[in-house]
Amino acid sequence: MPVESGSSAAARQAKQKRKSHSLSIRRTNSTEQDRSGLQRDMLEGQDSKLPLSLRSNLLDLFSQIEREFENLYIENIELRREIDTLNDRLAAEGHTFEGADLAKGALKTKASHSTSQLSQKLKTTYKASTSKIVSSFKATTSRAICQLVKEYVGHRDGIWDLSVTRTQPVVLGTASADHTAMLWSIETGKCLLKYMGHQGSVNSIKFHPTEQMALTASGDQTAHIWRYLVQLPTPQPVADISTPCEDDVDFSDKDEADGEVEGPNDCPSIRVATTTLRSHQGVVIAADWLVGGKQVVTASWDRAANLYDVETSELVHSLTGHDQELTHCCTHPTQRLVVTSSRDTTFRLWDFRDPSIHSVNVFQGHTDTVTSAVFTVGDNVVSGSDDRTVKVWDLKNMRSPIATIRTDSAVNRISVSANQKIIALPHDNRQVRLFDMSGVRLARLPRSNRQGHRRMVCCSAWCEDNITCNLFTCGFDRQAIGWNINIPALLQEK
């Protein structure tokens, strides 16, 4: 009897395996066809108010989910078999996990390490396999909870910063690289006023806590304080321009935003500041009002932050110590505290509560430029960085962060909602994400080729008391966007 060679036996096994695989594919296709036919029969026999096409689409989606989980289940079984095989091999070699003597400590450690690696592989596979399904659910939920309401278009260059007034009438302010700052009607999207007093890019805008005054910082090495008087137009019915779309749809960098945008010609303008602050030797990148509004702080690329008296415009203190350019400054809403951020990877906390002592604390929690650090209403500081992380700190114990958020893109000027403490993260990759203070992701704002930002998102600002829009974002696509975030539903989904 002729003996079959090893190569021919292997070829026969491979052929049988391919045949079995093809049969499995045909069996799967047949099963799916039967399943889809059964689903159509079920649709016809059910009494539902949903359109038949929508119901069919939903069943197709759930069928895809079922197949994903089925594949995941099979992968988990295979990984479990690998773990059991490893345990059996170790047990056969005498490397048991229980009752092992001290002489086998190294082998025990090695076995534990191998098992932990497989366990980690199991967890990673599970997360990777389910991420697409979870993302699809979150995308649908985000569109229902986070809706784009209004676009504010009129600047001729990118918008660096935006803020909402703290007094009536409530308007939106934007600061742009086109050397202007604009005030907008939140409800109608109409430009109400344009400030044209700067000779350089306007990098920051903040409003006085009790009076109709704005503070702007500019690349012309100055900060301006100017008064405004606006009258809100009659609100028109808000058109819902949000459309169902996939968050991951991408588009070319070349779009309508590259063309010349005609600014609002009928918008009143101001060209002269009430007060000009001139002590910096470099670009003034940010400015903010201290509690009470009698003093302001400015941050500059000359590596210093300056504290000014508003009434006299005199320099009160020069806050030095950063090794590189400053990127942002922020004041506490109720206390005389200032936090400054810098390209030197640190942020500093300046305490002016005691007039005789001005203490400073340096925090080194990031590995790249700290783009912003902001206070919450309570006792927390939230810092964002180009190292793609956001960290939450407790003012009472700032040795280490109490939460760390890791993202896939650099983070720009963040904001934290006053009531619910939701962190809005604007990213370089055009995304805007929402997290809670413990680092749990709540939502991602919808973005597609029909809505959302088309360039880097530079800043976010909350206005929870506004009915129309309670979150605003701006970017280098020359527009600001007003969003309506259903916060109770958002927290309930959490």
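Trainee: Is Arg353 buried, partly exposed or exposed?

Mentor: This model is predicted. Buried requires under 20% relative accessible area and exposed requires over 50%. The relative accessibility of Arg353 is 47%, so the residue counts as partly exposed.

Trainee: Which residue meets Arg353 in a salt bridge, and at what N to O distance?

Mentor: Side chains of opposite charge can pair when their charged atoms come close. The partner of Arg353 is Asp351, which counts as buried at 16% relative accessibility. The N to O distance between the two side chains is 2.7 Å.

Trainee: How many residues apart in sequence are Asp379 and Lys396, whose parts of the chain the pair ties together?

Mentor: The side chains of Asp379 and Lys396 form a salt bridge of 3.7 Å, N to O. Asp379 lies in the loop between strand S19 and strand S20, and Lys396 in the loop between strand S21 and S22, so the pair ties together parts whose separation in sequence is 17 residues.

Trainee: Which residues are joined with Asp161 into one network of salt bridges?

Mentor: Asp161 forms a salt bridge with Arg413 at 3.7 Å, N to O. Both of these residues are buried. Through salt bridges that share partners, the network joins Asp161 with Lys206 and Arg413.

Trainee: Which residue has a side chain joined to that of Ser318 by a polar contact of 3.2 Å?

Mentor: Ser318 is placed in strand S14. Beyond its neighbours within four places in sequence, Ser318 is in contact with Ala304, Ala305 and Asn306. The side chain in the polar contact of 3.2 Å belongs to Asn306.

Key: Residues are numbered from 1 along each chain as its sequence is written. This is a predicted model: local features need pLDDT of at least 70, side-chain atom pairs count only at pLDDT 80 or more; totals for chains, interfaces and linings use all residues. Side-chain values use heavy atoms; hydrogens and water are left out. Helices (H or I, at least four residues) and strands (E, at least two) are DSSP runs, numbered from the N terminus. Contact means heavy atoms within 4.5 Å. A polar contact is a pair of N or O atoms within 3.5 Å; within protein, one must be able to donate a hydrogen and the other to accept it, and residues adjacent in sequence count only if both atoms are side-chain atoms. A salt bridge is a side-chain nitrogen of Lys or Arg within 4 Å of a carboxyl oxygen of Asp or Glu. Buried means under 20% relative accessible area, exposed over 50%, partly exposed in between (1.4 Å probe, protein chains only).
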